[in-house]
Amino acid sequence: MADFFAAYAHPIVFLHVISAVIWIGGMIAVRVAVHPVMQSIEDPRVRLGKSLRITKRLFGLVALFVAALLVTGLVMALATDGHHGPHKGLFIAKEAIWTVIALNYGLMIVLRNRSQRLFDAGEIQRAGKLAGTIPTRLLPINILLGMVAIWLGVSLRGF
């Protein structure tokens with residue numbers, strides 16, 4: 001694995017970093033730019049319907065980058081012996097943070113899909129309450145953790 005990483009370090013690191021940026025950046029864009037504008041739509045059915053479509057597209061887009069982040073992270077950890085090297089604490093912390101982010105991402109997908117089913121059944125208020133936890137609670141958690149994980153990754157590359 002070390003030889004593979006040595007031969008392809010730049011594209012692997014680039015794919016790893018761009019995957020993190022797209023995943024976290026997409027959540028920042030939705031939380032800071034899209035969500036506040038969506039709140040200006042007065043009709044709750046229209047607002048929720050558009051919000052559900054936006055989150056479906058975002059979650060679908062980032063799924064590929066989540067997988068790329070996992071694969072490239074695993075390659076780098078194995079190639080650099082990160083779990084046994086002098087910076088193993090940083091490696092493990094970063095992996096733990098990304099694991100929490102991934103689990104939270106999975107929870108957001110489940111909540112979004114449940115909300116979609118409620119929306120389709122005409123239960124707009126229940127669907128809106130359920131979907132509302134995504135931008136108000138879950139996205140901010142992932143944004144904060146993602147920025148910490150990116151910081152740790154930059155720190156590891158500096159060693």
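How do the residues of the lining of the largest pocket divide into nonpolar, polar and charged? I found 20 nonpolar, nine polar and four charged. A reminder to myself: this is a predicted model.

**Entry 1, the largest pocket.** I noted a space of about 780 Å³ for the largest pocket. There are 33 lining residues, and His16, Gly73, Met76, Phe91 and Lys94 are the closest to the centre. I then asked which helices contribute at least two residues each, and the list reads helix 1 (2–38), helix 2 (44–79), helix 3 (88–120) and helix 4 (124–158). Helix 2 gives the largest share of this lining, with eight residues.

Helix 1, helix 2 and helix 4 are the elements that give two or more residues to it. By type, I have eleven nonpolar, seven polar and one charged.

Next I went to the largest nonpolar core, which holds 22 residues. Which members touch the most others? They are Trp23, Met27, Trp98, Tyr105, Met108 and Ile134. Helix 1, helix 2, helix 3 and helix 4 each put at least two residues into this core. I looked up the neighbours of Trp23 too: leaving aside residues up to four places away in sequence, it touches Val62, Val66, Leu69, Trp98, Ile101, Ala102 and Tyr105.

**Entry 4, the rings.** My search of the whole structure turned up four aromatic pairs. One of them is Trp23 with Trp98, a stacked pair with 5.2 Å centre to centre and 25° between the planes. Trp23 sits in helix 1 and Trp98 in helix 3, so this pair ties together parts 75 residues apart in sequence. Both tryptophans, Trp23 and Trp98, are buried.

Why is the pair of Phe59 and Tyr105 edge-to-face? Their ring centres are 5.8 Å apart and the planes stand at 90°, so I logged the pair as edge-to-face, the cut-off being over 60 degrees. Phe59 is in helix 2 and Tyr105 in helix 3, 46 residues apart, and the pair links these distant parts of the chain. I checked burial as well: Phe59 counts as buried at 7% relative accessibility, and Tyr105 counts as buried at 8%.

Definitions and conventions
Residues are numbered from 1 along each chain as its sequence is written. This is a predicted model: local features need pLDDT of at least 70, side-chain atom pairs count only at pLDDT 80 or more; totals for chains, interfaces and linings use all residues. Side-chain values use heavy atoms; hydrogens and water are left out. On a 1 Å grid over the protein atoms alone, a cavity is a set of points where a 1.4 Å probe fits but cannot get out, and a pocket is an open set with protein on both sides within 12 Å along at least five of seven lines; lining residues have an atom within 4 Å of a point. Grid points are joined across faces, edges and corners, and a volume is the space filled by probe spheres set on the points. Helices (H or I, at least four residues) and strands (E, at least two) are DSSP runs, numbered from the N terminus. Ala, Val, Leu, Ile, Met, Phe, Trp, Tyr, Cys and Pro count as nonpolar, Asp, Glu, Lys and Arg as charged, and the others, Gly among them, as polar. A nonpolar core is a set of buried Ala, Val, Leu, Ile, Met, Phe, Trp, Tyr and Cys residues joined through side-chain atoms within 4.5 Å. Buried means under 20% relative accessible area, exposed over 50%, partly exposed in between (1.4 Å probe, protein chains only). Contact means heavy atoms within 4.5 Å. Rings of Phe, Tyr and Trp (its six-membered ring) pair if their centres lie within 6.5 Å; planes under 30 degrees apart count as stacked, over 60 as edge-to-face and the rest as tilted.
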